[in-house]
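User: I'd like to learn how to read a two-chain model feature by feature. Could you walk me through one?

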Amino acid sequence: MSRKYELVYVVSPDATDEQVADVHTQIESIVQRMNGQLEKTENWGRRKLAYEIGRHKEGTYVLEVINGDGDLMKEIDRRLKVIDQVIRHLVVRVDEEQAVVERTRTRRTETSRRRRIARGLPPDRQPGEGQRGEPDDDRDDRFDIGGEELR
Amino acid sequence: MNGKKGAAARGKAGAAQLAREAQRRPMFRRRKVCKFCADKIDDINYKDVKLLMPFVPERAKVLPRRISGTCARHQRKLRTAIMRARQLALIPYTTE
C-alpha cells in the first residue's frame with residue numbers, strides 16, 4: 001500500500017552544505033532500501049526560525065515528497081531523531097488531502113462551465129472578464145517567502 | 001463619534017440612552033465572509049506561511065472565527081495548518 005508523504009526537516013545552521021547533502025543521501029538510501037520512491041526534493045535554504053530551538057535561531061529547511069508505506073516513514077522518522085544535525089522534522093501524509101482538493105477543484109470548474117454554457121457564454125473565463133482587481137493568471141507564488149516576514 | 005461625546009457629557013443616563021438607541025438602530029457592520037471560500041483556496045497548507053500569517057495576530061494565537069469570519073470547515077483546516085507550521089518553527093507559538 002503506497003502512500004504519499006511530505007517530510008520537512010530543519011538542519012542546524014552550523015551544518016555545512018555537505019552535511020545537509022549527507023542527510024539527504026541517508027534518507028534517499030532508506031527510501032530505496034525499503035522500496036519507496038523519492039518524488040521531489042526542495043531545499044528552502046536558510047531561514048530564520050520563529051522561535052529558538054535549543055540555541056539556534058536559524059535553520060536550513062529541506063522538503064522531501066516520498067511515496068512509500070508507513071513502515072518506511074517510521075524508519076525515516078526514527079533515523080531523523082537520531083541525527084544530531086537535524087533539529088526538527090515533520091512527516092505529514094498528503095495523498096488523501098490532495099485527492100479531496102483535486103475533487104473539489106474539478107467539481108467547481110465543471111459546475112462553472114455548465115453554468116456558463118447555460119448562460120450562453122464560452123465555457124472558460126476570458127481575459128479581462130470578472131471583477132476588478134482579480135488577477136487573470138493563476139501563477140503559484142505562494143511559497144516565495146522572504147525571511148523578513150517571520151517575526 | 002459625535003454621539004459618543006454627547007453621551008460622556010450627559011453622564012450615566014446619557015450612556016443608557018445611547019445603549020437603547022444602539023438597540024433600536026444597530027450599528028452597520030459589514031457581513032464577514034470566509035476568506036478561503038471567497039478566494040476559492042482549497043488547500044490550507046502548513047508550508048504557506050504567507051497565507052497563514054494574517055490569522056496569527058501579534059500574540060501568535062489563532063485568530064478566532066468570530067473575528068476573522070472564517071467558516072467552520074476552513075477554520076479547522078487553518079488550525080491544523082498553523083499547528084503544523086508551529087512545529088517547524090515557521091510560525092511562533094507565542095511572543096514574549
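Analyst: Happy to. Let's start with contacts: two residues are in contact if their C-beta atoms, placed from the backbone, lie within 7 Å. In chain B, residues 24 or more positions apart account for 63% of the contacts with a separation of 6 or more. Keep in mind that this is a predicted model, where local features need pLDDT of at least 70 and side-chain atom pairs count only at pLDDT 80 or more, while totals for chains, interfaces and linings use all residues. Residues are numbered from 1 along each chain as its sequence is written, with chains lettered from A and ligands numbered from 1 in the order in which they are written.

User: How many helices and strands does chain B have?

Analyst: Helices (H or I, at least four residues) and strands (E, at least two) are DSSP runs, numbered from the N terminus. Chain B has 5 helices and 0 strands, giving the pattern α-α-α-α-α along the sequence.

User: What share of chain B is buried?

Analyst: A residue is buried if 20 or more other C-beta atoms lie within 10 Å of its own, exposed if 12 or fewer, and partly exposed in between, with C-beta atoms placed from the backbone. In chain B, 20% of the 96 residues are buried.

User: Now chain A. In what order do the strands of the open sheet lie?

Analyst: Strands pair if DSSP finds at least two bridges between them. Here 4 strands of chain A form an open sheet in the order β2-β3-β1-β4, with antiparallel pairing. Its edge strands are β2 and β4 of chain A, each pairing on one side only.

User: Why is β1(A) called largely enclosed?

Analyst: Because 7 of its 9 residues are buried, β1(A) is largely enclosed by the rest of the structure. Compare α3(A): of its 24 residues, the number buried is 0, so it lies largely in the open.

User: How do I check the length of α3(A)?

Analyst: α3(A) is followed by A:G120, whose phi is positive, near 80°.

User: Which residues touch the most other members of the largest nonpolar core?

Analyst: A nonpolar core is a set of buried Ala, Val, Leu, Ile, Met, Phe, Trp, Tyr and Cys residues joined through C-beta atoms within 7 Å. The largest has 36 residues, and A:Y9, A:V10, B:L52, B:I82, B:A85 and B:I91 touch the most other members. β1(A) supplies the largest share of this core, 6 residues. Leaving out residues up to four places away in sequence, B:I91 touches A:A50, B:V49, B:L52, B:V56, B:I82, B:A85 and B:R86.

User: And how many residues are in contact between chain B and chain A?

Analyst: 17 residues of chain B are in contact with 19 residues of chain A. On chain B's side, α3 and α5 each supply at least two residues, and α3(B) gives the most, with 3 residues.
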